[in-house]
Amino acid sequence: MYYSRRQALLLPLQVAAFVSCLITLLSCAPGCASTGATVVTESPQTVTPTETTEALAAVPHQAFNVPSRYVQAEASYPNTRAGADFASDMPAGNCAKSDTRAELTPAWTEAASASADSAYCCYRLGLNPALAGASLALSWIDAAPDGGDLWLGLSDWVADTWAWRNAADAGFFNIEDPGRYADTDSRCLVALVVLGDTQVQLASIGFGENGLPYPIVDTNQLSCYNDNGQEINPTTEQAYFGQDAQYTGNQPAYQDNGDGTVTDLVTGLMWAKTPNNLEKVTFSAAFDVAANLELGGYDDWRVPTIKELYSLILFDGETGSTIYDSIPYLMTSYLDFEYGDESAGERIIDAQYWSATEYVSTTMGGSPTTFGVNFADGRIKGYGRENPQGGEMTQFIRCVRGNPAYGSNDFVDNGDGTITDRATGLTWMQVDSGALSAGPRGDGTLNWEEALAWAEDLEYAGSANWRLPNAKELESIVDYTRSPATTASAAIDPLFSCTPITDEGGSTDYAFYWTGTTHLDGPADIRGDRAAYVSFGEGHGWMQMPPDSGNYVFLDVHGAGCQRSDPKSGDPADYPYGLGPQGDVLRIYNLVRCVLDD
């Protein structure tokens with residue numbers, strides 16, 4: 001489980017004065033327990049006891065005057081106490097509620113008086129008994145950017161103690177099994193204490209699947225399709241059941257902050273609303289853009305990793321031949337977007353975005369490559385940093401900040417043939433369909449209809465609730481530090497096993513893996529006849545070199561870890577040199593790694 005970094009707190013005089021004031025302010029309510037509580041720790045990496053942690057732990061939780069109203073798995077509006085000079089209001093509209101998550105955005109800001117140096121607020125959460133064994137997670141947009149300190153605490157209603165975390169350099173706070181901290185009415189009490197001159201915006205408090213440092217945002221795909229692209233509504237007993245649209249996850253949710261920034265309420269990431277004034281830059285210049293950006297009162301912007309950037313993609317997008325029959329793969333009601341500039345000789349799909357994730361190998365026979373996301377055609381690929389027409393490649397850049405834990409996996413081998421990622425909450429097959437000799441060919445390769453049926457019927461490791469992952473879930477387990485050419489392995493953590501294949505060039509490689517997500521690409525009459533896959537081996541294509549020469553060369557053109565799409569059915573032999581300008585290999589019969597839907 002991911003825990004925020006523990007740091008001992010050096011006590012300036014103002015903090016010591018605050019602690020004394022806090023204990024006086026929060027005098028014990030009638031009937032509460034003794035104030036001699038101890039610091040509760042959640043990890044072998046314990047918080048070093050200091051005067052501050054001991055003083056905070058000694059304040060009984062009953063002394064925090066929390067409003068009595070609450071509902072299960074939601075947060076009541078906080079009671080904030082501080083000096084009169086400290087702004088502490090939280091309008092009701094800042095509390096968004098769902099079954100397992102409360103997104104909270106109280107903005108604590110400095111007042112005119114320089115003496116305002118501390119504040120705290122509390123949330124009483126209803127703990128759904130069904131989720132009592134899950135983790136409680138809090139994530140925030142900022143943590144003491146101006147040298148102050150943010151402390152988060154969870155009460156123990158029985159022992160009248162607190163579990164405290166110093167959040168100075170982290171964006172996530174996680175405590176396992178919060179049920180032991182709940183009272184008899186399944187209520188948990190969470191406290192946030194701000195020490196010093198700082199600004200804080202809490203992004204979320206959540207339980208279960210939503211209480212995670214790396215929550216996967218749902219694809220927003222709402223319709224099902226057969227292999228001809230026709231929209232269908234299959235039942236459990238019919239073909240094509242088990243598609244992305246039939247399973248819902250963390251629904252996309254954004255907040256426009258009105259200052260040029262947009263907060264993703266699921267991930268806790270904050271984004272620039274407009275990507276660099278919609279101007280394209282080279283890869284190296286992208287880092288200069290981030291380093292020099294001051295937006296929304298923040299100057300700690302960065303170039304997003306590929307997993308951060310991919311969190312924004314939505315698969316209700318469609319790729320047509322013009323902008324008029326296309327829909328971006330992005331929530332454009334919150335995030336500005338622009339297609340490629342046809343007047344400048346670009347294609348409409350030239351709407352690629354740089355990530356900070358460089359491919360550990362090369363593409364196109366030796367070109368240094370960086371992964372990016374194309375929000376016009378719904379794909380991840382590796383982009384060579386050199387433009388084939390000369391000079392350096394330019395792309396859009398959308399800067400991000402917040403939640404430094406996002407995109408970091410926390411895999412655990414369960415010892416039963418499954419791997420759990422404690423960062424996302426998802427459980428995976430340790431092996432793939434190849435190891436289980438799945439399908440009519442006995443080698444684990446399946447077309448899309450077969451893959452859906454096999455996943456839905458699978459009984460493995462004591463569970464029958466397996467399914468095909470959606471594109472964003474499957475991409476979450478890619479390890480971009482690995483590739484066949486550099487580590488002689490698939491682009492996935494070694495805890496997993498991958499069935500090797502012989503690729504179209506006759507070399508040992510690793511497969512494409514099906515997802516349950518339809519990719520709406522191509523002519524309108526057949527749009528929906530493809531499904532997304534993630535390649536854990538090289539992203540091959542047949543390139544004509546020189547162009548239009550008829551001399552086809554088999555190359556890694558997209559990189560291990562790319563996300564593309566294949567026809568849902570058909571014969572790969574009909575595409576001897578792939579398809580598209582880069583001759584993308586079409587395999588149609590791909591492998592499967594199922595995810596557990598418990």
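This is a predicted model: local features need pLDDT of at least 70, side-chain atom pairs count only at pLDDT 80 or more; totals for chains, interfaces and linings use all residues.
Five strands form an open sheet, in the order S24-S25-S26-S35-S27, and their pairing is antiparallel. The edges are held by strand S24, residues 411-413, and strand S27, residues 466-467; each has a single partner strand, so one side of each is left without a neighbour in the sheet. For S27, that partner is strand S35, which covers residues 595-596. The two strands run antiparallel and are joined by two bridges. Within this pair, Arg-467 has Val-595 of S35 as its bridge partner.

Another strand, S19, spans residues 352-363 and contains Thr-357. Is this threonine buried or exposed? Thr-357 has a relative accessibility of 14%, and because buried means under 20%, Thr-357 counts as buried. Its side chain has a polar atom 3.0 Å from the backbone nitrogen of Ile-306. Ile-306 is also listed among the contacts of Thr-357 once neighbours within four places in sequence are left aside.

The last topic is cysteine. A disulfide is a covalent bond between the sulfur atoms of two cysteines. How many disulfides does a search of the whole structure find? The search finds zero. Two cysteines can still be described by their accessibility. Cys-399 has a relative accessible area of 3% and is buried. Cys-594 counts as buried too, at 0% relative accessibility.

Notes. Residues are numbered from 1 along each chain as its sequence is written. Side-chain values use heavy atoms; hydrogens and water are left out. Two strands pair if DSSP finds at least two bridges between them. Helices (H or I, at least four residues) and strands (E, at least two) are DSSP runs, numbered from the N terminus. Buried means under 20% relative accessible area, exposed over 50%, partly exposed in between (1.4 Å probe, protein chains only). A polar contact is a pair of N or O atoms within 3.5 Å; within protein, one must be able to donate a hydrogen and the other to accept it, and residues adjacent in sequence count only if both atoms are side-chain atoms. Contact means heavy atoms within 4.5 Å. A disulfide is a pair of cysteine sulfur atoms within 2.5 Å.
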